[in-house]
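Please keep the sequence and the structure in view while reading.

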Amino acid sequence: MKHMNDRFQDEKNKEVVLMCIGITSGVGRLLFGRIADYVPGVKKVYLQVLSFFFIGLMSMMIPLCSIFGALIAVCLIMGLFDGCFISIMAPIAFELVGAQDVSQAIGFLLGFMSIPMTVGPPIAGLLRDKLGSYDVAFYLAGIPPIIGGVVLCFIPWLHIKKQREISKTAGEEKMEKMLENQNSLLSSSSGIFKKESDSVI
């Protein structure tokens, strides 16, 4: 809001920007929640990657908006993908860690999210005091989501690799148990055959 007061001093109803973010965030939660139902397994991460890229890009575009209508359009898109991020956070955590640890995973996510959300505004204020505008703050705010999106691209590959290793280990353990059972059956049958031969003699 302070950025808008600095940039668009003559504009009335500046709070409509926040209202646009809230409305499209709600629409995004409904829309992308439905889309995520058709995306199998860990591939839901790619929706999160998409949302991170757009949130970061829209944050960087805010200082470039010299027209109030352009700023509203940017905020509408940002709100839409914010809704995407919120709606599929829990399903992704469920797919990655399973039902048993999903609550702990979401707790860690929210805990780590609280750090930049707490530290960010004071840093933005300091940059505003030093540089005279919030432009650099918005540019810097757009970098972490884009980096996070790049890192998230590797998560499905790592998850599939881990699942293959687990299934391979489980298969080897199953094979060892089968061989042990077979050996025990052979030893017990040979013992029975020996007893029968002794009784015949």
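Helices (H or I, at least four residues) and strands (E, at least two) are DSSP runs, numbered from the N terminus. The model is predicted, with local features requiring pLDDT of at least 70, side-chain atom pairs counting only at pLDDT 80 or more, and totals for chains, interfaces and linings using all residues. Residues are numbered from 1 along each chain as its sequence is written, and side-chain values use heavy atoms, without hydrogens and water.

An unreviewed UniProt entry places the feature "transmembrane region" at residues 45-64, 70-94, 106-124 and 136-158; such annotations may be inferred rather than shown by experiment. Two of these spans are described below.

Helix α6 covers residues 135-152 and supplies 5 residues, the largest share, of a nonpolar patch. The patch on the surface consists of L131, V136, L140, I143, I147 and V151, which together have about 500 Å² of accessible area. Among these residues, I147 lies in helix α6.

Helix α2 (residues 16-36) contains 21 residues and spans 29 Å between its first and last C-alpha, close to the 30 Å expected at 1.5 Å a residue. Its buried residues (under 20% relative accessible area, with a 1.4 Å probe and protein chains only) are V17, C20, T24, S25, G28, F32 and A36. They lie on the same side of α2 because they cover an arc of only 130° around the axis. L30 and R34, which are exposed (over 50%), sit on the face of α2 turned away from the buried side.

Definitions and conventions: Patches are made of residues with over 30% relative accessible area and no salt bridge: like charges are joined within 9 Å, nonpolar side chains (Val, Leu, Ile, Met, Phe, Trp, Tyr) within 5 Å. Accessible areas come from the Shrake-Rupley method with a 1.4 Å probe; for residues, only the protein chains shown count as cover. A salt bridge is a side-chain nitrogen of Lys or Arg within 4 Å of a carboxyl oxygen of Asp or Glu. The expected span of a helix is 1.5 Å times one less than its number of residues. The arc is that of the directions from the helix axis to the C-beta atoms.
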